[in-house]
Amino acid sequence: MSYSLMIHGGAGALEDLKYEASESAFRQSIIAILEQGRQRLERGNSALDVVEYCASLLEDDRLYNAGCGSVLNAEGKVEMDAALMDGRNLQAGAVACLRNIKNPISLARRVLEHGEHVLLMGDGALEFAKFCQIETYPDDYFITEARIKQLAEAQVAGRMTLDHERIKPAQKLGTIGAVARDIHGNLAAATSTGGLVNKRWGRVGDTPIVGAGVFADNETCAVSATGYGEQFLRTVLAKTISDFVQFRGMDAAAATQAGIDYLVAKVNGEGGVIAIDHTGRCAAAQSTSGLIRGWIELGGEAHCKLG
């Protein structure tokens with residue numbers, strides 16, 4: 001049985017890419033991470049291991065709104081959310097409102113493995129991180145000059161903004177994610193984010209919520225979402241896409257498009273999704289002009305698309 005892998009670096013206005021980095025920089029990042037994920041899948045690593053690994057690489061890259069380079073909340077601080085899910089048994093782990101954790105997705109994995117809970121947040125999550133000896137970094141590791149400027153512009157405008165919404169040039173695209181099907185046919189999904197620019201302290205979006213920003217079930221598909229989290233929460237979008245596969249017999253391409261159509265019809269939602277179905281087919285759909293994603297379908301070539 002062959003493997004498939006898909007990752008994303010956020011949805012947003014494609015024309016804004018040039019203000020943050022060159023298209024080639026994004027392509028090089030996406031392809032490099034895909035190829036590192038491929039090596040692990042070819043060695044027989046589990047889908048869950050690979051989505052955690054790829055998500056951690058995306059968190060470490062300042063091009064994206066997750067981990068290092070996360071957007072700032074209204075108090076000028078980084079608060080990160082992450083989750084991952086195992087399609088074999090529907091086990092999931094999630095964390096929210098994190099500070100100082102280098103790789104939130106790794107802490108989410110520990111929550112999954114510990115098994116008692118699905119979601120930990122704030123101080124409780126940080127105490128659990130100490131117990132697990134998860135790597136921590138000081139605030140200045142996460143905060144970049146571009147994010148400081150971005151917050152100032154948002155506050156002058158007097159509003160909370162999507163991380164990809166341009167007030168002035170130099171807005172970064174955001175939330176990262178990974179979905180995979182391993183050589184044993186198992187599916188997994190992971191999503192991680194810094195959230196919205198100028199968000200209220202303690203705000204939690206769709207990323208750490210099973211069924212909204214992340215979902216995986218071996219019988220259907222693995223999904224990772226990116227966009228305006230409140231809209232994905234209201235539509236339970238990741239699970240909705242899974243239901244399209246299960247109850248309407250759709251493949252990944254049809255289900256992701258149907259999901260985005262539903263998102264737009266119900267709440268005029270902004271964002272995108274990536275998915276791999278139980279046959280290993282990769283697909284993406286979006287309501288924004290841009291969605292940074294890359295994929296390897298059924299062991300084939302690595303591809304990257306920004307539009």
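Asn268 is exposed, with a relative accessible area of 57%; exposed means over 50% relative accessible area, buried under 20%, and partly exposed in between, with a 1.4 Å probe and protein chains only. Asn268 sits in the loop between H10 and S9. Here H and S stand for helices (DSSP runs of H or I, at least four residues) and strands (DSSP runs of E, at least two), numbered from the N terminus. The phi of Asn268 is near 50 degrees, a positive value in a residue other than glycine. Most residues other than glycine have a negative phi.

This is a predicted model, in which local features need pLDDT of at least 70 and side-chain atom pairs count only at pLDDT 80 or more, while totals for chains, interfaces and linings use all residues. Residues are numbered from 1 along each chain as its sequence is written, and side-chain values use heavy atoms, with hydrogens and water left out.

Cys97 also has a positive phi, near 55 degrees, and is a residue other than glycine. Cys97 belongs to strand S3 (residues 92-98) and is buried, with a relative accessible area of 5%.

Helix H9 covers residues 237-248. The expected span of a helix is 1.5 Å times one less than its number of residues. The buried residues of H9 are Leu237, Ala238, Thr240, Ile241, Ser242, Phe244 and Val245. Their cover includes strand S7 (214-216), strand S8 (221-227), helix H8 (229-235), helix H10 (252-267) and strand S9 (271-277); cover is counted by contact, meaning heavy atoms within 4.5 Å.

Helix H3 (residues 47-60) can be checked in the same manner. Its 14 residues should span 20 Å at 1.5 Å a residue, and its end C-alpha atoms are 20 Å apart, which agrees. Eleven of the 14 residues of H3 are buried, so the helix is largely enclosed by the rest of the structure. Among these buried residues are Leu48, Val50, Val51, Glu52, Leu57 and Leu58. The elements that cover the buried residues of H3 include strand S1 (4-12), helix H2 (23-42), strand S2 (80-86), helix H4 (104-114), strand S5 (176-181) and strand S6 (187-193).

The next topic is the nonpolar core, a set of buried Ala, Val, Leu, Ile, Met, Phe, Trp, Tyr and Cys residues joined through side-chain atoms within 4.5 Å. In the largest one, which has 56 residues, Leu5, Ile7, Ile30, Val95, Leu98 and Leu107 touch the most other members. H3 gives the most to this core, with eight residues. Leaving aside residues up to four places away in sequence, Ile30 touches Ile7, Leu58, Tyr64, Ile292, Arg293, Gly294 and Cys304. A second, separate core of 31 residues includes Met85, Val179, Val245 and Ile260.

Which charged side chains pair up? A search of the whole structure finds twelve salt bridges, each a side-chain nitrogen of Lys or Arg within 4 Å of a carboxyl oxygen of Asp or Glu. Asp49 and Arg109 form one of them, at 2.9 Å from N to O. This pair links distant parts of the chain, as Asp49 is in helix H3 and Arg109 in helix H4, 60 residues apart. Asp49 is partly exposed, with a relative accessible area of 32%, whereas Arg109 is buried, at 11%. Asp49, Glu52, Arg109 and Glu113 are linked in a network of salt bridges. Glu52 is also touched by Ser106, a residue of helix H4.

Asp60 forms a salt bridge with Lys102, the closest N and O atoms being 3.1 Å apart. Asp60 lies in helix H3 and Lys102 in the loop between S3 and H4, so this pair ties together parts that are 42 residues apart in sequence. Another salt bridge joins the side chains of Arg203 and Glu230 (2.8 Å, N to O). Arg203 lies in the loop between S6 and S7 and Glu230 in helix H8, so these parts, 27 residues apart in sequence, are tied together. Arg203 is buried, with a relative accessible area of 12%, and Glu230 is buried at 19%.
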